[in-house]
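Hi everyone, thanks for coming.

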Amino acid sequence: MNFEIDEQQRDFAASIDSALGAADLPGAVRAWSSGDTTPGRKVWAQLAELGVTALMVPERFDGIDAHPIDLMVAMERIGRWCVPGPVTESIAVAPILLADDERSAALASGELIATVALPPLAPRAVDADIAGLALLAADGQVRDGAAGDMHESIDLSRHLFDITASGDPQSADVSRAFEFGALTTAAQLVGAGQAMLDAAVDYAKQRSQFGNVIGSYQAIKHKLADVLIAIELARPLVYGAALSLAAGSTDTARDVSAAKVAAADAALLAARAALQTHGAIGFTQEHDLSLLLVRVQALRPAWGDPTWHRRRVLEALTHE
């Protein structure tokens, strides 16, 4: 059985890499943090041109209605490049909640950026100040919402807002939307972990200590190898959970939680290894690695922290 993504999906990933690699994402993230969303919105426009914003939108609203695997391919690359904004909420969650809503067409085209609060595990909405639509979802219903108080995140590019309902309730598959939120966050963590591993490997080939390049030391090699193993174990869990979502499997909750735990642990391990390899310079605001370090810390508890997801896996296993 072959669990690799196919050639078309690899080409899709390569096209995203090509676009985002030329877009100065570190500059866009820093500008977003300070309130200037113009560079970041240009990145979103590129994602729309590539079809990323249309992936989960139904075809009747000019979307692609893609397989969840395609979404994971895109989200891993988005995590790799540290794209700012409510990417999980607008690209993955909102299309599920608005499956029968004509506003989905604007999501598909990229004209509309949406954000979502889904308490209790996603109690605040990311970047509700710049989103054209805020949604509040719970108990099988979704409502339009209004942004309230803002709360700081460890990642300064993520502005968190309380959301209060301001519209009439509509039926929505809130449970499925949550699973997409958790799994796409896991995919971003895998991408961020891979980016930090790549950065650490490159830096280990350049940094010298005691007269030798640090990449020549066995301890460094083993540490980076442990990160690679963790990422390579997490990635198939993410794609396996996407298959569960596509099939409507009874094991979806277990599979999504297992993927989120593995991805969160792998990204944290990558962050520690990258910081240790770079030394203190890696955590300075001027170094691009710092953007990934804080993004990982922000995404690990998003859409359910590892402790909650471990508990859900345990409960699923004890009931089998």
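So, is Trp 303 buried or exposed? Trp 303 counts as buried, because its relative accessibility is 3%, and buried means under 20% relative accessible area, exposed over 50%, and partly exposed in between, with a 1.4 Å probe and protein chains only. You'll find Trp 303 in the loop between helix H10 (289-299) and helix H11 (306-318). When I say helix or strand, I mean DSSP runs, numbered from the N terminus: H or I with at least four residues for helices, E with at least two for strands.

Quick word on where this comes from: it's a predicted model, where local features need pLDDT of at least 70 and side-chain atom pairs count only at pLDDT 80 or more, while totals for chains, interfaces and linings use all residues. Residues are numbered from 1 along each chain as its sequence is written, and side-chain values use heavy atoms, with hydrogens and water left out.

Back to Trp 303: its phi is positive, about 60°, although it is not a glycine. Most residues other than glycine have a negative phi, and most peptide bonds are trans. Asp 127 has a positive phi too, near 55°. Asp 127 sits in the loop between E2 and strand E3 (133-138), and it is buried, with a relative accessible area of 0%. And there's a cis peptide bond, joining Pro 119 and Pro 120, with omega about 10°. Pro 120 is in the loop between strand E1 (114-117) and strand E2 (125-126).

Now zoom out. The protein has 11 helices and 8 strands. Its C-alpha trace spans about 65 × 50 × 40 Å along the principal axes. With 320 residues, a compact globule would have a radius of gyration near 20 Å, and the protein's 19 Å agrees with that; the radius is taken over C-alpha atoms, and the globule rule is 2.2 Å times the number of residues to the power 0.38. Buried residues make up 53% of the 320.

Next, a pair of helices. How do H4 and H5 run relative to each other? Their axes, for H4 (residues 68-81) and H5 (residues 87-97), come within 12 Å and cross at roughly 180°. Axes here are lines fitted to C-alpha atoms, for helices over the stretch in contact, and angles run from 0 to 180 degrees between N-to-C directions. H4 and H5 are therefore roughly antiparallel, since angles over 145 degrees count that way, under 35 as roughly parallel, 65 to 115 as roughly perpendicular and the rest as oblique. Leu 71, Met 75 and Ile 78 in H4 meet Val 87, Thr 88, Ile 91 and Ala 92 in H5, where contact means heavy atoms within 4.5 Å.

Last stop: Val 227, in helix H8 (residues 218-247). Val 227 counts as buried, at 1% relative accessibility. Leaving out residues up to four places away in sequence, Val 227 touches Leu 197, Leu 269, Ala 270 and Ala 273. Compare Asp 6, in the segment before helix H1 (7-21), which counts as partly exposed at 38% relative accessibility.

That's my tour, so over to you for questions.
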